[in-house]
2 protein chains.
Amino acid sequence: MTSVDYKLLNTDGTARRGQLQFARGTVETPAFMPVGTAGTVKSVTPEEVRASGAEILLGNTFHLLLKPGMEVIAAHGGLHKFMNWSGPILTDSGGFQVFSLAKLRKITEQGVTFRSPIDGSKIFLGPEEALDVQHTLGSDVVMVLDECTGYPATFEHAQQSMQRSMRWAERCKRAHKGKHGALFGIVQGGMHLQLREQSLQDLINIGFDGYAMGGLSVGEPKDEMLKVLSYMGPKLPANAPHYLMGVGLPQDLVEGSRFGIDMFDCVLPTRNARNGWLYTPNGIVKIRNATHRTDTDPVDKSCECYTCKNYSRGYLCHLYRSHEMLGARLCTIHNLHYFQKLMQQIRQSIEDCRFMTFRKEFYDGIGVEPPDVA
Amino acid sequence: MTSVDYKLLNTDGTARRGQLQFARGTVETPAFMPVGTAGTVKSVTPEEVRASGAEILLGNTFHLLLKPGMEVIAAHGGLHKFMNWSGPILTDSGGFQVFSLAKLRKITEQGVTFRSPIDGSKIFLGPEEALDVQHTLGSDVVMVLDECTGYPATFEHAQQSMQRSMRWAERCKRAHKGKHGALFGIVQGGMHLQLREQSLQDLINIGFDGYAMGGLSVGEPKDEMLKVLSYMGPKLPANAPHYLMGVGLPQDLVEGSRFGIDMFDCVLPTRNARNGWLYTPNGIVKIRNATHRTDTDPVDKSCECYTCKNYSRGYLCHLYRSHEMLGARLCTIHNLHYFQKLMQQIRQSIEDCRFMTFRKEFYDGIGVEPPDVA
């Protein structure tokens with residue numbers, strides 16, 4: 001067994017039901033990974049994350065590198081002990097944030113130099129540095145450093161960007177030798193299917209423990225994303241896990257699963273919770289609305305989360321309007337539970353070979369027309 | 001049994017070890033009541049409050065009257081169901097906040113008129129209205145509306161203010177007839193012992209289920225407070241509970257217990273937690289300090305709270321510096337636990353008739369000279 005073992009249980013069309021087996025525990029797939037940006041899934045404890053059904057977390061290399069810094073993480077013996085999460089952790093490479101958040105960044109073949117948004121200090125992040133940080137974090141799934149091609153991108157630009165990402169991927173593979181954790185490659189190439197295929201072939205030639213789709217959900221129209229996803233998803237190596245990075249909405253999780261994606265991550269459930277947007281099988285509840293003030297019903301009567309079992313819409317509305325921290329927390333608990341429940345339903349429907357039926361029920365519930373994929 | 005039954009278990013000097021028996025549960029005394037200002041002990045759930053050892057909460061009439069408003073609380077069938085706390089709740093009358101927070105207040109014999117800080121609307125709060133709100137909240141301990149005499153106050157001013165409070169107390173007694181909950185009177189009189197004695201006698205003549213000391217910890221020097229406390233504490237009726245309002249520091253809880261106080265409340269443990277001040281038997285730990293960054297020890301190795309059992313000073317320091325909500329929450333859990341543990345130690349030391357020995361150990365631990373009481 002490598003540092004992660006992917007076990008395919010069954011398929012339904014191109015959808016896959018499987019398991020990721022880590023030394024730190026088994027993850028049922030398709031799986032959604034809550035995001036613990038700065039060493040915490042915002043507002044909730046690891047026990048609450050676990051109670052939602054989550055089996056693996058995502059940690060952000062960029063944020064943790066800046067704050068608290070690697071000497072703090074190293075003193076604690078890694079991210080797991082630091083944040084008190086004993087299950088597997090996937091870490092990104094930091095590249096996405098460097099490109100989108102950092103100021104004054106300069107990209108060369110060697111890597112990226114940028115100014116810390118915290119103290120203005122100059123930091124260099126190349127493939128080897130990105131891996132080194134993830135090794136210090138003690139990540140169970142290490143991501144290669146790549147350049148996330150923006151949208152829109154011309155063929156030529158997307159090609160050059162993708163090719164550099166592939167050269168970096170190769171350096172990452174070398175830098176990871178003998179280290180803890182699975183190493184995942186990232187398919188780039190913008191919306192150009194030919195480049196995407198080339199990127200995947202390059203990664204397969206290098207050889208990775210898993211394959212991620214990067215550069216999606218970066219502002220492109222939904223049908224562009226679905227075009228790439230439906231074309232590439234089924235081409236990803238069958239014996240390795242498939243990860244769709246930074247995605248997404250509940251409907252994106254359904255569509256991703258449809259095309260063979262095994263892993264997702266997104267800040268949506270936690271960020272929207274803090275903004276008072278609550279997910280339910282019948283669509284979104286905006287808890288700040290006056291209509292909820294005296295409502296003694298829970299957010300979702302069918303929901304089994306701690307929040308719905310114990311608190312009313314009226315109470316959550318009050319907490320939100322009073323800027324009480326407990327409100328953000330109770331909403332986060334609910335949304336995390338909703339996302340995990342959705343994944344559980346997706347998994348069950350694949351097992352039962354009724355995924356497309358479930359998909360129809362899901363869209364009927366939220367009152368949205370299912371997307372058409374050519 | 002009245003709506004609360006006070007059972008004296010034993011005494012040690014003027015310190016009292018007892019129990020408050022409510023329909024909603026028994027409270028071991030001396031007891032500390034965490035403050036749930038706006039229908040939540042900030043950042044924590046009722047289960048976490050309960051796990052700290054707390055058996056009774058304080059709710060703020062003023063805040064709840066303004067937000068979410070009584071129609072919301074009434075729709076939920078009272079504060080207990082609204083906030084999901086099944087134990088007893090004591091509510092203040094709102095008077096203290098009206099006098100200290102509200103703008104444009106006007107006091108007459110009838111009551112207080114003030115402008116809502118939320119929407120500027122004009123609100124009238126008299127003794128009958130203050131009781132009515134507390135009845136809607138479903139409070140287990142209802143406090144009379146009083147005027148909290150500020151510091152300093154001349155004899156004449158303190159006397160007039162106290163006498164009006166006594167007239168209001170009488171109206172409260174009438175307004176409470178046949179209603180749920182114990183009704184507590186509040187001793188006023190500023191720092192003038194003669195007025196304090198008169199106030200207590202007036203309240204005893206009216207007859208209450210419990211007696212509170214108000215108008216302390218309002219900016220007076222510590223020795224003034226102790227003078228009033230040491231003089232009045234032992235004079236409070238032996239067969240009823242004694243409540244020191246809005247107090248205080250750990251050392252105040254020790255001194256209050258010494259002079260026969262049974263109940264305390266204060267925002268200190270929760271507010272200071274959010275500011276990163278953590279209480280320990282050896283004094284305060286300021287968690288933001290750089291010295292804690294790489295410290296893998298808990299806040300207090302001897303502490304049994306969830307925070308100390310699972311997280312390092314380094315992690316808490318990181319959460320504080322990153323403005324993560326989980327930091328405020330973990331610190332609140334610790335401070336609530338510290339305050340309850342202190343009360344538990346006070347109770348045990350009274351049971352063992354070694355209160356003054358415990359008192360010395362307590363001051364030795366925090367490195368503070370015990371106050372001298374004449």
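**Hairpin, chains and local details**

Q: What joins β16(A) to β17(A)?
A: A hairpin does, and it passes through two residues. Strands here are DSSP runs of E, at least two residues long, and helices are runs of H or I, at least four residues; both are numbered from the N terminus. Before we go on: this is a predicted model, where local features need pLDDT of at least 70, side-chain atom pairs count only at pLDDT 80 or more, and totals for chains, interfaces and linings use all residues. Residues are numbered from 1 along each chain as its sequence is written, while chains are lettered from A and ligands numbered from 1 in the order in which they are written.

Q: Do the strands run parallel or antiparallel, β16 and β17 of chain A?
A: Antiparallel. Strand β16 covers residues 277-280, β17 covers residues 283-286, and four bridges join them. Two strands pair if DSSP finds at least two bridges between them. Trp277(A) stands opposite Lys286(A) in β17(A).

Q: New topic. What domains does the assignment give chain A?
A: Domain 1 is 5-265 and domain 2 is 273-366. Such bounds come from an automatic or database domain assignment. The C-alpha centres of the two domains of chain A lie 27 Å apart.

Q: What rotation superposes chain A on chain B?
A: One of 180°, with 0.0 Å of shift along its axis and an RMSD of 0.0 Å. That is the relation of a two-fold axis. In chain A, the C-alpha nearest the axis belongs to Met325(A), at 3.5 Å. The same surface serves both copies, as 100% of the contact residues of chain A recur in chain B. The copies are superposed by least squares on the C-alpha atoms of residues with pLDDT of at least 70 in both.

Q: Back inside. Which residues touch the most other members of the largest nonpolar core?
A: Phe184(A), Leu316(A), Phe184(B) and Leu316(B), out of 228 residues. A nonpolar core is a set of buried Ala, Val, Leu, Ile, Met, Phe, Trp, Tyr and Cys residues joined through C-beta atoms within 7 Å. Leaving aside neighbours within four places in sequence, the contacts of Leu316(A) include Ile287(A), Val299(A) and Tyr311(A).

Q: Is His323(A) buried or exposed?
A: Exposed, because it has 9 C-beta neighbours inside 10 Å. The cut-offs are 20 or more other C-beta atoms within 10 Å for buried, 12 or fewer for exposed, and partly exposed in between, with C-beta atoms placed from the backbone. His323(A) lies in the loop between α13 and α14 of chain A. Its phi is near 55°, a positive value in a residue other than glycine.

Q: And where is His292(A) found?
A: In the loop between β17 and α12 (306-310) of chain A. His292(A) counts as buried, with 23 C-beta neighbours inside 10 Å. Beyond four places in sequence, His292(A) is in contact with Ile287(A), Arg313(A), Gly314(A) and Cys317(A).

Q: Last one. What kind of peptide bond joins Tyr151(A) and Pro152(A)?
A: A cis bond, with omega about -5°. Pro152(A) sits in the loop between β11 (141-143) and α7 (155-176) of chain A. In chain B, a cis peptide bond joins Tyr151(B) and Pro152(B), with omega about -5°.

Note on methods. Two residues are in contact if their C-beta atoms, placed from the backbone, lie within 7 Å.
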